[in-house]
Structure formats: structure tokens, C-alpha cells
Amino acid sequence: MSEMNGKYPEDMGLRDAPMIEGEHDYGTVTDKIGSIVLDRPSPRQWYIWGGIAGICLGSFLVSFCWLIYKGVGVWGINNPCGWGFDIINFVWWIGIGHAGTLISAILLLMRQRWRTSINRLAETMTLFAVCCAGLFPLLHTGRPWVAYWLVPYPNALAIWPQFRSPLVWDVFAVTTYLTVSALFWYVGLVPDLATLRDKAKHKLAKIGMGIMAMGWRGSAAHWHRYEAAYLALAGLSTPLVLSVHSIVSLDFAVSIVPGWHTTIFPPYFVAGAVFAGFAMVLLLVIPIRKWYGVADFVTMRHMDWMAKIMLATGLVVFYGYLMEMYYAWYSGNQFEIALASNRLSGDYKFWYYALIFCNGLAPQVLWSKRVRHSLTGLFVVSLIVSIGMWLERFVIIPVSLSHDFMPSAWGGYTPTIAFGDVMFFLGTFGIFLGGMVAFVRILPMIPMSEIKHLLHLEKHESHPAAQAETVA
Amino acid sequence: MPQIFSKKANYLARGSIVMTGVVFVLIVLISHNVTAYTHDLGVAFQQPAPFSHKHHVKELGIDCRYCHQSVEKGPFAGLPPTETCYTCHSQIWTNSPLLKVVRDSYTTNTPIEWNRVNNLPDFVYFDHSVHVAKGVSCYTCHGQVDQMNLLYKENAFEMIWCLRCHRNPEAQVRPKSEIFNPNYDYSQHETLGKQLVEQYGIKKEQLTNCWICHR
């Protein structure tokens with residue numbers, strides 16, 4: 001990937017760089033992106049990652065069946081750590097999804113044009129990440145077959161879920177999130193599906209794309225309604241970026257466990273979610289743009305923007321870590337102080353320092369333009385951040401639980417590996433990677449219609465209509 | 001370019017929206033009325049002998065406790081041993097073919113295997129004696145047994161049904177003397193119910209705790 005390094009000389013600001021590189025017109029955009037779906041060029045890496053996803057899916061099936069057969073005892077959760085890998089992974093996966101929503105909704109409302117080339121990929125990532133996330137709490141209940149009890153509906157038991165519990169708020173937050181994200185993703189796909197329907201040669205592809213395109217003909221009325229619906233959905237999604245992870249953080253903050261009971265949790269979790277999400281987008285985008293040759297649309301300028309958002313949210317997260325320590329000291333509460341010192345010098349101190357390195361120190365290299373413009377550098381930092389965000393949840397969840405009020409209740413947490421926690425976590429990567437691998441092959445990974453719109457704006461920047469668009 | 005879909009496809013698209021609504025309404029309607037069917041309410045059970053509660057309770061006036069002896073003392077109401085049948089049937093209907101099962105049971109000293117009509121899941125803790133002691137009539141749960149020729153389930157024993165009384169016991173509890181009365185008159189019950197709840201010492205706030213039934 002190093003040949004991309006230094007593509008922009010230090011003295012050339014990215015501000016002036018185009019958002020679509022190369023010589024493109026509307027036709028070449030369709031050809032370039034559409035042909036990935038219609039002609040299915042499959043780079044060697046596609047097979048490799050498909051194989052990896054298959055292995056992970058296999059491990060998912062095995063550990064899933066074993067879990068259903070034996071019960072949640074096959075996971076390492078027990079007193080005092082009733083929440084372990086399952087909840088860590090839930091929070092981690094759901095956090096990853098947030099970048100997709102931020103890119104698709106907030107950046108749309110803020111008229112950030114650079115969102116255009118990465119929003120489809122990020123939204124798809126959100127969908128699969130939320131699916132992976134949702135599995136954990138459902139299976140954590142131990143009886144997933146009665147998971148519908150979480151939904152308030154008139155029932156033969158004449159009882160309702162406990163509305164005062166943040167765990168129930170979670171159900172509403174996550175299901176809303178999944179529904180709105182899926183709708184937003186699908187609505188955005190419709191014009192592209194119509195393009196593919198018209199371009200497709202195979203009869204099945206024509207019919208499949210045709211049904212999904214819902215009779216889109218690209219008339220002015222269609223576009224008018226589409227834009228209105230898309231904007232309305234963006235409006236609906238925007239609060240979700242903030243609300244979902246806030247509510248997830250309340251699962252902890254509402255309780256009285258030392259280390260959980262702090263008011264900083266909601267904003268700190270939201271920032272962490274966006275931080276982890278952008279790291280995952282970069283991890284996906286960097287290889288995909290190379291393998292599928294779509295670097296013209298996902299340029300170094302995009303990489304730079306994402307790196308900057310990562311840097312900003314990373315600083316918020318780092319601030320959160322410092323504040324946690326400060327709160328513990330300032331509270332004067334012996335339990336909070338004991339927990340803080342346990343993090344710094346207890347059994348799991350290695351993981352705490354690893355977390356500070358991964359999320360606090362490592363992202364600081366993004367201040368350097370050289371790192372932001374180096375794909376290898378960005379990839380490594382994103383990987384470190386992804387690991388760091390996982391460690392953050394590890395430090396928050398089992399480490400706090402292992403060391404609460406009563407010394408007699410202190411204990412440790414050890415995840416199970418074979419057929420247990422680790423294998424299942426690996427299995428959810430199968431769902432995520434398998435989903436992404438299938439997605440890049442059967443749906444356009446970059447929104448063609450929006451790229452064409454952007455192309456129009458880029459080419460006719462001086463045009464009064466384009467200027468009006470920019471101002472609005 | 002030829003059209004992929006004919007014009008009729010539009011009807012399918014619109015129809016699918018309507019059908020979603022129709023299916024939803026159907027699900028609601030069915031799920032509201034399916035209880036009686038899934039629980040076999042009102043369906044007479046096959047039994048080894050065609051025992052009629054109507055005949056014994058209504059026409060002959062035998063008290064419930066004559067056969068179901070442990071209903072006031074223990075968790076189970078109890079099924080009568082064949083000897084209980086023989087208190088009368090050693091004298092009357094001694095040669096009736098309907099009673100062959102009873103005679104066989106008596107002579108071979110093997111109990112009659114009646115089929116259970118009302119069954120509660122294992123995760124429900126239920127004790128007949130406390131219900132009877134606190135003024136709950138047999139007929140409140142088992143229905144008008146005195147009207148049943150062959151016994152059937154009157155109520156589905158779903159949690160929502162149990163809770164109707166556990167949340168509002170005033171509406172159901174009877175004076176001690178009326179517990180085994182099939183024809184109790186609830187019309188004067190307004191003030192009596194409250195008095196009885198107090199008199200029996202029923203702690204209403206406990207009645208809907210999970211552990212009252214799920215121990």
C-alpha cells in the first residue's frame with residue numbers, strides 16, 4: 001500500500017484536492033461501481049476473506065449450538081462477574097455501528113459531501129455490527145427462545161417488562177437503531193438498484209434488482225419523494241447516534257457498582273462508539289478501495305477526514321479516562337478510590353495500561369499529516385484503536401465487577417476459549433465479515449447516484465445552482 | 001428494452017402493503033381467540049369410567065370433600081380411592097356395566113387411572129388448602145362442575161387468569177360456609193368481599209409477588 005504514500009505533497013492542502021479523482025463522467029461512475037456487482041470481478045483477496053469468514057461462521061455455528069444445548073454456563077460468566085465477554089462484545093459491536101449512522105445521517109444533515117463515497121459501506125457495516133451486537137444480550141438471557149418477552153405486548157402473563165430498567169431501554173434503543181438503519185440503508189439503495197436493474201444482463205439479476213428497486217424510474221416526482229424521505233430518515237437517525245450508546249452506557253451508569261456509577265458515561269460512550277466505528281470503517285475501506293480499485297472515489301481526502309474525526313473522538317475518550325480517575329479521587333468515596341487503584345495496580349493492570357496506550361497515546365500520531373496520509377499508518381492505528389476500544393469495555397465491565405464493595409465478594413474473570421466466549425466472539429466476526437464479503441459482491445458498495453450528484457457539483461462548482469446547494 | 005414486469009406487478013406491490021395490514025389484523029384476532037382452542041376448553045376428557053359430576057354433585061348433593069378429601073389440608077385436592085366409590089356402589093348399581101372398571105379395580109386392588117383434566121406447569125407452586133382456607137371456592141377455578149356430565153376444563157389457568165383474582169381478591173372470596181356451594185350468589189358481594197379479605201388476613205400486596213407462585 002506504500003505506493004499511495006506521499007500522493008499529496010506536504011505543501012498541497014487536501015482542502016483543494018478533488019473529492020473524485022481521475023477522469024470520470026456519469027457513465028464511468030456507473031461502469032466502475034456497477035460492474036463490481038454485475039460482472040463480479042473477484043480479486044484473490046475476496047476468496048481469502050470469504051474463506052476466513054466461512055471459518056468464523058463455522059465456529060459461530062458450533063459455539064452457538066453448544067451454548068443453546070448447555071446454557072450460558074459454557075461462558076466464563078459467574079459470580080461476581082455476571083457480565084463478561086457477552087456484554088463487552090455487545091457494547092463493542094454496537095459502538096462500531098455508530099460511525100455508519102454518523103456518516104450517513106449527521107454528515108448528510110451537515111452537508112458534508114465527503115460522506116458520499118463511504119456512506120454505503122459504513123451503513124452496511126452498521127447493519128451487520130448491530131446484528132452481531134444484538135446476538136449477545138439475547139443469548140446472555142439464557143433463554144433466547146422467550147426473548148419476545150422483552151417486547152411489551154398484551155400477553156397471557158399479564159405482566160410488562162420492567163420499564164425502570166435500562167436493560168429494557170436497551171431493547172428499544174437497539175431495535176429502533178436496527179430498524180431505522182436498515183430503512184435508511186435501503187432507501188438510499190433504491191436509485192442504485194434501479195440503475196443495476198437496467199444494466200443487468202442476467203434475467204434473475206434483473207428481476208431481483210427490479211423487485212428491490214420498487215419501480216424506480218428516476219422521474220422528477222420519484223427524486224422529489226426520495227430526497228424528502230432520505231432527509232426525514234436522516235433526521236430520525238441523527239438522535240440515534242447519540243441516544244443508542246447513551247442508553248447502553250446507562251446499563252452501567254444507572255447501577256451503583258463502583259467504576260460504573262458516573263455521569264460522564266453517556267457522552268464518553270458515544271465518543272468511544274464513533275471512535276471505534278471510524279477505526280472499523282478505515283479497516284474496511286483501506287483494503288477494499290485497493291482491491292476493487294475504487295480509490296478514485298474514496299480518496300486520501302476521505303482518509304484524512306476520517307483520521308481527524310478519530311483523533312477528535314479519541315481525545316474525548318482519553319479525557320473520559322482521565323476524568324474517571326479524577327472522579328474517583330474527588331468523590332472521596334472509598335469504594336471508587338479502591339476501584340481506581342485496582343485498575344492502576346490490581347490483577348488486570350496490564351489491560352488498563354494497554355487500554356491507555358491503545359486509545360489514549362497511539363491515536364496521537366494522527367496529529368501528524370504524514371501518518372494521516374499513509375494508508376499503512378492509518379490501518380495500524382485503526383487496528384490499535386479497535387483493540388483499545390474492546391479493552392475499554394473489558395476494563396469497565398469485568399474489572400469493575402470483580403472488585404466491588406465487599407472484599408468477600410471479590411473474584412476474578414476468566415473467559416472460556418473452546419466452544420465458549422472466545423470462539424463465539426470469533427463467530428460473530430463470521431457474521432460481520434461474511435455479511436461484508438457478500439455485500440460488496442451483490443450490492444453497489446458506493447452510492448452511484450450520489451457520486452454522480454457530487455460529480456455534477458464538482459464539475460460545475462461555479463454554477464449558481466451548485467453554489468445554492470452548497471450554501472443550503 | 002422490454003419491460004421486466006408487466007403492469008399487473010403494480011397491483012402486487014400495492015397489494016403487499018394491504019396484505020401486511022390484513023396479516024397483522026389476523027394475527028391479533030387469532031391470538032385473542034386461540035386460548036380456548038389450544039387449551040381444549042370445554043372438551044370432555046376421555047376417562048376409564050363415564051363419571052358424572054353433575055349427577056353426583058347436583059342431583060345427589062354429595063359434597064366435594066366427600067371424594068376430594070385433602071383439599072382443605074394439603075396442596076392436592078386428592079382423588080378418591082375405589083373404596084370411596086364402594087361406600088355406595090357396594091349397594092347400588094352393583095351390576096351396571098358402566099361400573100365394571102370400578103368393580104375390577106376393587107377386586108384386583110389396583111387404582112383406577114383417571115386422566116388429569118386440570119394441570120398446572122411445574123414452575124407454578126399451587127396449594128389447594130390455602131385457597132380453600134382463604135375463601136376461594138372450588139367453582140371459582142374449576143367452573144360449574146355441578147353442571148358437567150363429563151368433566152372438562154372451564155378455565156385455561158394462564159397467568160393472566162390467576163392474576164385477575166390475585167390482584168383483586170375481593171371479587172372472589174366467599175364466606176367459609178359458601179366455599180362448596182355451587183349456587184353462591186355474588187350479587188350482594190360489594191361490601192362483603194372487602195370485609196372477608198380483611199377477616200381472612202389476606203395480604204393483597206404480597207399476592208402479586210413473583211415468589212408467591214414461582215418458588
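Reader: Where in chain A does Ser42(A) lie?
Author: This is a predicted model, in which local features need pLDDT of at least 70, side-chain atom pairs count only at pLDDT 80 or more, and totals for chains, interfaces and linings use all residues. Residues are numbered from 1 along each chain as its sequence is written, while chains are lettered from A and ligands numbered from 1 in the order in which they are written. Helices are DSSP runs (H or I, at least four residues), as are strands (E, at least two), both numbered from the N terminus. On that basis, the place of Ser42(A) is the loop between α1 (26-38) and α2 (44-70) of chain A.

Reader: Does Ser42(A) count as exposed, partly exposed or buried?
Author: C-beta atoms are placed from the backbone, and a residue is buried if 20 or more others lie within 10 Å of its own, exposed if 12 or fewer, partly exposed in between. Ser42(A) has 14 C-beta neighbours inside 10 Å, so its class is partly exposed.

Reader: How far apart in space are Ser42(A) and Ser368(A), C-alpha to C-alpha?
Author: In sequence, 326 residues separate the pair. In space, C-alpha to C-alpha, Ser42(A) and Ser368(A) are apart by 35 Å.

Reader: Which residues are in contact with Ile88(A), leaving aside its neighbours within four places in sequence?
Author: Ile88(A) belongs to helix α3 of chain A. It is buried, because 23 other C-beta atoms lie within 10 Å. Contact means C-beta atoms, placed from the backbone, within 7 Å. With sequence neighbours within four places set aside, Ile88(A) touches Trp390(A), Arg393(A), Phe394(A) and Ile397(A).

Reader: Are α4(A) and α5(A) roughly parallel or antiparallel to each other?
Author: The axes of α4 (residues 119-140) and α5 (residues 166-199) of chain A come within 10 Å and cross at roughly 150°. Axes are lines fitted to C-alpha atoms, for helices over the stretch in contact, and angles run from 0 to 180 degrees between N-to-C directions. Angles under 35 degrees count as roughly parallel, over 145 as roughly antiparallel, 65 to 115 as roughly perpendicular and the rest as oblique. Therefore α4(A) and α5(A) are roughly antiparallel.

Reader: What is the handedness of the crossing of α4(A) and α14(A)?
Author: α14 (residues 421-442) of chain A packs with α4(A) at about 155°, axes 9 Å apart. A crossing is left-handed if the near helix is turned anticlockwise from the far one by less than a right angle, and right-handed if clockwise. While α4(A) and α5(A) cross left-handed, the crossing of α4(A) and α14(A) is right-handed.

Reader: How many residues of the contact of α4(A) with α14(A) are nonpolar?
Author: Members of this contact include Phe128(A) and Ala129(A) from α4(A), with Phe432(A) and Phe439(A) from α14(A). No charged residue takes part, 3 are polar, and the nonpolar ones number 10.

Reader: Which helix gives the largest share of the side of chain B that touches chain A?
Author: The contact takes 7 residues from chain B and 8 residues from chain A. The chain B side divides into 6 nonpolar, no polar and 1 charged. Its largest share, 3 residues, comes from chain B helix α9 (residues 159-167).

Reader: What is omega for the bond that joins Asn79(A) and Pro80(A)?
Author: Pro80(A) sits in the loop between α2 and α3 (85-109) of chain A. Its peptide bond with Asn79(A) is cis, with omega about 0°.

Reader: What is phi of Trp93(B)?
Author: Most residues other than glycine have a negative phi. Trp93(B) lies in the loop between α5 (82-89) and α6 (100-108) of chain B. With 11 C-beta neighbours inside 10 Å, it counts as exposed. Its phi is positive, near 55°.

Technical notes: Two residues are in contact if their C-beta atoms, placed from the backbone, lie within 7 Å. Ala, Val, Leu, Ile, Met, Phe, Trp, Tyr, Cys and Pro count as nonpolar, Asp, Glu, Lys and Arg as charged, and the others, Gly among them, as polar.
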